Amino acid sequence: MDIPEEENINHSKSDGVVGVDLNVDHIAWSNMNVKGQLIKSGVFEFELEGKSSGQATKIIEAEAIRLVDLAVKLNKPIVIEKLNTTKSKVSHAYGNKKANKKMSMFAYLKLISAIKNRANKMGVAVCEVNPAYTS
């Protein structure tokens, strides 16, 4: 279900952005100024291994709320990598079965969806960028 886009979303990057890197067990964030210089960074850690689908969803939603609340506090849009999550791209992404299971449990698309839904509700823009330009 798509949520109608909020009209009062802050798309302004004039004060900088909150850059986000999504991983199998944490969300790394960076508060960047308008020149792309790091102001502060941090990590929101979480554990999905051994959790049911419902538990994993609740954990993902809670982390999305933490991230969007940070962006609201900083009054900045969120910038995330637009990743290709086709099976052929991630089947050996971390080199072993246990890590690959974590990747599938991680539910990247679910996390992106939770971030976008919360951001829309809170008036925060989410920009997806090509990962080639994020390092």
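Biologist: Leaving aside neighbours within four places in sequence, which residues is Val20 in contact with?

Modeller: This is a predicted model. In it, Val20 contacts Ile27, Ala28, Leu67, Ile78, Val79, Ile80 and Glu81. Contact here needs heavy atoms within 4.5 Å.

Biologist: Which members of the largest nonpolar core touch the most other members?

Modeller: The core has 24 residues, and Val18, Val20, Leu22, Ile27, Leu67, Ile78 and Ile115 touch the most other members. Strands E1, E2 and E4 and helices H1 and H4 each give two or more residues to this core. H1 gives the most, with seven.

Biologist: What makes E1 and E2 a pair?

Modeller: Two strands pair if DSSP finds at least two bridges between them. E1 and E2 have six, in the antiparallel sense, so they count as paired. Val18 has Asn31 as its bridge partner in E2. A hairpin of three residues joins the strands.

Biologist: And which residue in E3 stands opposite Trp29?

Modeller: Gly42. E2 and E3 are antiparallel too, over seven bridges.

Biologist: Which side chains of E2 are buried?

Modeller: Ile27, Trp29 and Asn31 are buried and point to one face.

Biologist: Why is Asn75 called partly exposed?

Modeller: Its relative accessible area is 45%. Buried means under 20% and exposed means over 50%, so a value in between is partly exposed. Asn75 lies in the loop between H1 and E4.

Biologist: What is the phi of Asn75?

Modeller: It is near 55 degrees, a positive value in a residue other than glycine. Most residues other than glycine have a negative phi.

Note on methods. Residues are numbered from 1 along each chain as its sequence is written. This is a predicted model: local features need pLDDT of at least 70, side-chain atom pairs count only at pLDDT 80 or more; totals for chains, interfaces and linings use all residues. Side-chain values use heavy atoms; hydrogens and water are left out. A nonpolar core is a set of buried Ala, Val, Leu, Ile, Met, Phe, Trp, Tyr and Cys residues joined through side-chain atoms within 4.5 Å. Buried means under 20% relative accessible area, exposed over 50%, partly exposed in between (1.4 Å probe, protein chains only). Helices (H or I, at least four residues) and strands (E, at least two) are DSSP runs, numbered from the N terminus.
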